[in-house]
Amino acid sequence: MLFDTHAHLDEDAFSQDADEVIVRAVASGVTTMLAVATTVESSRATIALATRFPNVFASVGIHPNYAVQAKPGDWEAIEGLASSPKVIAIGETGLDRYWDHTPFDVQIDYFRRQIELAKRRDLPFIVHCREAEPDVVAVLRQMAGAGQLKGIMHSFCGRQATLDAALELGLHVSFAGMFTFKKNNELRELAKTIPLERLLVETDSPYLAPQPQRGKRNEPAFVRYTAECLAEVFGKTLDEMAAITTANALRLFGLSGEVS
Ligand SMILES: [Zn+2]
């Protein structure tokens, strides 16, 4: 039983066979998938998928690299879509200094808005962080105030200080295909410092498939390879790690009792 907490099922890579990809995932033990949105159109698409498949849930939000394209009314649309029945998260949001698509102050503005919306709806938010670790931590600290946050550091591949700050603020940490890459020993060492109850797994499909599928189009069925690698790091079996990460996701998304 696995939960893929991050899959871009609405993207072009899946336009021909999204249904088969979802069926294949369920058949291979991925009982739940979160279809993650990047724009308003994408938010509508993830909700449409979630409406058709009982195993698929949706996030709604605006990715930092697409915030520059947001039109008047887009933000209000996201706020409205956030109350759709199968929406269980806000994002993906965050900060990205690698791709210079959106002015940084605009990225910060959308990041803050999405954290606020997530708080209002009592949903977790999904954090994308690329070459912006101190900036992400600064926004998280500011938004947390004296309290804790409900969120996910998605496809985490950052430094120990960032990890420590995120954990201290209450966030969960999700690992994707990169976690399995041979060169990423340091990342696997750092994972050992994460409490078991904060761990999640994801594919970030269609991008960066895990070993041994590296180079192929990624899909939710492949989340087992990342879970397997994480299990090894913690000296657990795949079944044990699947149970741990799935229980964590169900608890975080408020789905305990709803999905079996
Ligand atoms: Zn993503």
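In the predicted model, alanine 82 touches Val60, Val87, Ile90, Leu117 and Arg121, residues up to four places away in sequence being left out of the count. Alanine 82 lies in the loop that connects helix H3 (74-81) with strand E4 (87-96). With 20 other C-beta atoms within 10 Å, alanine 82 is buried, because 20 or more such atoms define that class. Between the C-alpha atoms of alanine 82 and isoleucine 47 there is a separation of 9.8 Å, the two residues being 35 residues apart along the chain.

Strand E4 belongs to an open sheet of eight strands, in which the order is E1-E2-E3-E4-E5-E6-E7-E8 and the pairing is parallel. Strands E1 and E8 form the edges, each of them pairing on one side only. From one strand to the next, the twist averages 30°. In general, the strands of a sheet pair through backbone hydrogen bonds, in either a parallel or an antiparallel sense.

Two of these pairings can be described at the level of residues. Strand E1 is joined to E2 by four bridges, and the two strands run parallel. Within this part of the sheet, phenylalanine 3 has threonine 32 of E2 as its bridge partner. Five of the six residues of E2 are buried, so E2 is largely enclosed by the rest of the structure. Strand E3 (residues 56-60) pairs with E4 over three bridges, again in the parallel sense. Here alanine 58 stands opposite valine 87 of E4, and Val87 is also one of the residues touched by alanine 82. Helix H2 (residues 40-52) packs on the sheet, where it touches strand E2 (30-35), E3 and E4. The direction of H2 makes about 160° with that of E3.

Helix H9 (residues 238-252) comprises 15 residues. From its first C-alpha to its last, H9 reaches 21 Å, close to the 21 Å expected at 1.5 Å a residue. Its buried residues are Met241, Ala242, Ile244, Thr245, Thr246, Asn248, Ala249 and Leu252. After H9 comes glycine 254, which has a positive phi, near 70°.

The axes of the two helices come within 8 Å and cross at roughly 105°. Helix H8 is therefore roughly perpendicular to H9, because angles of 65 to 115 degrees fall in that class. On the side of H8, the contact is made by Arg224, Ala227, Glu228, Leu230 and Ala231, and on the side of H9 by Leu238, Glu240, Met241, Ala242 and Thr245. By class, this contact has six nonpolar, one polar and three charged residues. Met241, Ala242 and Thr245 of H9 take part in the contact and are also among the buried residues of that helix.

Arginine 214 is located in the loop between E8 and H8. Arginine 214 has 16 other C-beta atoms within 10 Å and is partly exposed, whereas alanine 82, also a loop residue, is buried. The C-alpha atoms of arginine 214 and threonine 237 are separated by 22 Å, with the two residues 23 residues apart along the chain.

Note on methods
Residues are numbered from 1 along each chain as its sequence is written. This is a predicted model: local features need pLDDT of at least 70, side-chain atom pairs count only at pLDDT 80 or more; totals for chains, interfaces and linings use all residues. A residue is buried if 20 or more other C-beta atoms lie within 10 Å of its own, exposed if 12 or fewer, and partly exposed in between; C-beta atoms are placed from the backbone. Two residues are in contact if their C-beta atoms, placed from the backbone, lie within 7 Å. The expected span of a helix is 1.5 Å times one less than its number of residues. Axes are lines fitted to C-alpha atoms, for helices over the stretch in contact, and angles run from 0 to 180 degrees between N-to-C directions. Angles under 35 degrees count as roughly parallel, over 145 as roughly antiparallel, 65 to 115 as roughly perpendicular and the rest as oblique. Ala, Val, Leu, Ile, Met, Phe, Trp, Tyr, Cys and Pro count as nonpolar, Asp, Glu, Lys and Arg as charged, and the others, Gly among them, as polar. Two strands pair if DSSP finds at least two bridges between them.
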